Amino acid sequence: MAVPDQGTAVPASRQRLRPYTLTGGRTRPAYELQLDTLLAARPTPAEVDLGPEGERIRWLCATPQAVAEIAFHLGQPVQVAKILAADLLHLHALAIAESDDGPDRELLEKVLVGLRAL
């Protein structure tokens, strides 16, 4: 994976791009992503062209990042980050990561089964 610009500042030439240019005119992501949805990078074949924003998102997601954080680092509106991240999810270049902060899903499912059994 190529390492894009590691700084948080967006190059001046990229700031001039209108958000709809980055999304190809799309206004809705293909996946329902929340601001706090954690995304993690997945290995992708070298022949897959993710584009500069896609590569940057993958680089950022080397450690799981929330959608809001990705938008901040890209210097783009959250909706644009959601659309770009959804594209990467579709290409299997990203995966939705499980948060360590919340309760254990397996435990919650067991509690739900137990409550239904009452």
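**Sheet and helix packing**

Three strands make an open, antiparallel sheet in the order 2-1-3, where pairing needs at least two bridges found by DSSP. This is a predicted model, in which local features need pLDDT of at least 70, side-chain atom pairs count only at pLDDT 80 or more, and totals for chains, interfaces and linings use all residues. Residues are numbered from 1 along each chain as its sequence is written, and side-chain values use heavy atoms, without hydrogens or water.

Helices (H or I, at least four residues) and strands (E, at least two) are DSSP runs, numbered from the N terminus. Strand 2 (65-66) and strand 3 (94-96) are the edge strands, each pairing on one side only. Strand 1 (residues 38-41) pairs with strand 2 over two bridges, antiparallel. Leucine 39 stands opposite glutamine 65 in strand 2.

Helix 5 packs on the sheet, touching strand 1 and strand 3, and its direction makes about 100° with that of strand 3. Contact means heavy atoms within 4.5 Å. Axes are lines fitted to C-alpha atoms, for helices over the stretch in contact, with angles from 0 to 180 degrees between N-to-C directions.

Now helix 3. How does helix 3 pack with helix 5 (residues 78-90), and at what angle? The angle is about 80°, with the axes 10 Å apart. That makes helix 3 roughly perpendicular to helix 5; the term covers 65 to 115 degrees, with under 35 roughly parallel, over 145 roughly antiparallel and the rest oblique. Glu53, Gly54, Ile57 and Arg58 of helix 3 meet Leu84, Ala85 and Leu88 of helix 5.
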